[in-house]
Amino acid sequence: LIKAVDIANQKGLSTELIIIGNQGSTLFQRLSLRNVLKNIKNNKNIKTTGFISTNKKFKLLDSANCFVHLRKDDEETAHVFPTRLPEYFATSKPVILTNVEPFSLLFKHKKEVFFIPKTLRPEDLANAFLELGGNKNLALSIGRNGKEYSSKYLSSNYIGKKVNKFLNELI
C-alpha cells in the first residue's frame with residue numbers, strides 16, 4: 001500500500017494515504033506496524049491518526065477519494081466478510097479490493113468495486129489509483145453502484161430476513 005502510494009505520486013497523481021485508528025490486534029502486529037511507521041515518518045504523503053473520535057473518522061472517510069481493502073488469498077479471507085465494507089460503500093466512493101473469494105463471488109470489477117489481482121503487487125494498486133483518479137465517471141459509477149449494492153444486499157433488514165428464513169427452515 002505504501003509503495004503503491006509512492007508509485008502513484010511518481011506517476012503524477014497526487015495521492016495520500018491516511019491510516020485511521022490503532023492498528024494491530026497482537027503485540028507482534030503492533031510492533032511490526034511501529035517499525036513501518038518509523039520508516040515512513042518523513043513521507044509527507046502518508047499520515048496516521050491513531051485513535052480518533054467517530055466524528056473525526058467520518059469526516060476523514062468523507063474526504064477520501066477511494067478506499068482500499070487488501071486481503072490475501074487464504075482460508076481466513078474466504079470465510080470472513082469484513083464489516084468495514086458497508087461503511088465504505090455508504091460513502092458512495094469507489095472501493096479497491098483484492099480479487100479473491102468471497103469478494104469475487106459478490107462483486108463485479110468496475111461495477112461495484114475495482115479489483116486488483118491477488119498477487120497484491122504495488123504496481124497494480126497504483127494503476128488502480130491512476131485509473132480511478134483519471135476517470136472520474138468510472139469512480140463515480142463504482143461508488144454509486146457499490147452504495148446501491150450495499151443498501152440492497154448488505155443491509156440489516158435484508159440479512160435479517162435471510163437469517164430468519166434460514167432459522168425457520170431448521171425448525
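**Figure 1. Strands E4 and E5 run parallel in this predicted model.** Three bridges join E4 to strand E5, residues 114–116.

Figure 2. Look for Phe-67, which stands opposite Val-95 in E4.

**Figure 3. Strand E4, residues 95–98, has buried residues pointing both ways.** In a regular strand, side chains alternate between the two faces of the sheet. Here, Val-95 and Leu-97 point one way. Ile-96 and Thr-98 point the other way. All four residues are buried.

**Figure 4. Helix H1, residues 2–10, has a buried side.** Its buried residues are Ala-4, Val-5, Ile-7 and Ala-8. Seen down the axis of H1, they fall within an arc of 165°, so they line one face of the helix. The cover over these residues includes strand E1 (17–20) and helix H7. Turned away from the buried side are the exposed residues Lys-3 and Gln-10. Just after H1 comes Gly-12, with a positive phi of about 100°.

**Figure 5. Helices H7 and H8 cross at roughly 100°.** H7 spans residues 122–134 and H8 spans residues 136–153. Their axes come within 5 Å. From H7, Glu-131, Leu-132, Gly-133 and Gly-134 take part in the contact. They meet Lys-136, Leu-138, Ala-139 and Ile-142 in H8. By class, this contact has four nonpolar, two polar and two charged residues.

Methods. Residues are numbered from 1 along each chain as its sequence is written. This is a predicted model: local features need pLDDT of at least 70, side-chain atom pairs count only at pLDDT 80 or more; totals for chains, interfaces and linings use all residues. Side-chain values use heavy atoms; hydrogens and water are left out. Buried means under 20% relative accessible area, exposed over 50%, partly exposed in between (1.4 Å probe, protein chains only). Helices (H or I, at least four residues) and strands (E, at least two) are DSSP runs, numbered from the N terminus. Two strands pair if DSSP finds at least two bridges between them. Axes are lines fitted to C-alpha atoms, for helices over the stretch in contact, and angles run from 0 to 180 degrees between N-to-C directions. Contact means heavy atoms within 4.5 Å. Ala, Val, Leu, Ile, Met, Phe, Trp, Tyr, Cys and Pro count as nonpolar, Asp, Glu, Lys and Arg as charged, and the others, Gly among them, as polar. The arc is that of the directions from the helix axis to the C-beta atoms.
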